[in-house]
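Biologist: Hey, I've got a structure open and I'm new to this. Can you walk me through it?

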Amino acid sequence: MANTVYHINKGINKSIEFKGLKAQYIWYFGAGIVVLMILFSIMYIIGFPSYISLGIIGIGGTVMVVKVYKMSHKYGEFGMMKALAKRQLPKAIKTQSRSVFKMRKL
């Protein structure tokens, strides 16, 4: 019988990472590229000068790349979801009566 060699996948349960972008930021980057391509095609169809539209797309692409990488570095894999969830928490709870805080017998 021949010996078989099994390779262990050590990347199980880790989030995907591509050139420093983690998890959902890869999707944000892809969506930004698609939006820039659509914007360029719209400007081309309208008849906008090519060099000006390339300049606008180049500047927009640079800003998009910097913003996405900054968010990925600042928040990490789950940090942005936690920050958005934290913003939804109320600062204070107002009540008109004390009955909410009284102990009730069940």
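Modeller: Read along the sequence, the protein goes β-β-α-α-α, where helices are DSSP runs of H or I with at least four residues, strands are E runs of at least two, and both are numbered from the N terminus. This is a predicted model, so local features need pLDDT of at least 70 and side-chain atom pairs count only at pLDDT 80 or more, while totals for chains, interfaces and linings use all residues. Residues are numbered from 1 along each chain as its sequence is written, and side-chain values use heavy atoms, with hydrogens and water left out.

Biologist: How many helices and strands does that come to?

Modeller: The protein has 3 helices and 2 strands. Its radius of gyration is 25 Å, well over the 13 Å that the globule rule gives for 106 residues, so the protein is more spread out than a compact globule. That radius is taken over C-alpha atoms, and the rule is 2.2 Å times the number of residues to the power 0.38. The C-alpha trace spans about 75 × 70 × 25 Å along its principal axes.

Biologist: And what share of the 106 residues is buried?

Modeller: Buried residues make up 15% of them. Buried means under 20% relative accessible area, exposed is over 50%, and partly exposed is in between (1.4 Å probe, protein chains only).

Biologist: Which residues make up the largest nonpolar core?

Modeller: There are 8 residues in it: Leu21, Tyr25, Leu36, Met43, Ile57, Met64, Val68 and Met80. Helices α1 and α2 each supply at least two residues of this core. By nonpolar core I mean a set of buried Ala, Val, Leu, Ile, Met, Phe, Trp, Tyr and Cys residues joined through side-chain atoms within 4.5 Å.

Biologist: Okay, α1 next. How far does it reach?

Modeller: Helix α1 covers residues 24–46, 23 residues in total, and reaches 33 Å from its first C-alpha to its last, close to the 33 Å expected. The expected span is 1.5 Å times one less than the number of residues. Gln24, Tyr25, Gly32, Leu36 and Met43 are buried in α1, and their cover includes β2 (21–22), α2 (50–75) and α3. Just after the helix, Gly47 has a positive phi of about 105°.

Biologist: Is Tyr25 buried or exposed, and what is it in contact with?

Modeller: Tyr25 is buried, at a relative accessible area of 0%. Leaving aside neighbours within four places in sequence, Tyr25 is in contact (heavy atoms within 4.5 Å) with Val68, Met71, Ser72, Tyr75, Gly76 and Met80.

Biologist: What about Ser72, where does that sit?

Modeller: Ser72 is in helix α2 and counts as buried at 4% relative accessibility. Apart from residues up to four places away in sequence, Ser72 touches Gly20, Leu21, Lys22 and Tyr25.

Biologist: New topic. How many aromatic pairs are there in the whole structure?

Modeller: A search finds 2. The rings of Tyr25 and Tyr28 have centres 5.7 Å apart and planes at 80°, so that pair is edge-to-face. Both residues lie in α1, 3 residues apart, about one turn of the helix. For Phe40 and Tyr44, the ring centres are 6.5 Å apart and the planes at 25°, so the pair is stacked. Rings of Phe, Tyr and Trp (its six-membered ring) pair if their centres lie within 6.5 Å; planes under 30 degrees apart count as stacked, over 60 as edge-to-face and the rest as tilted.
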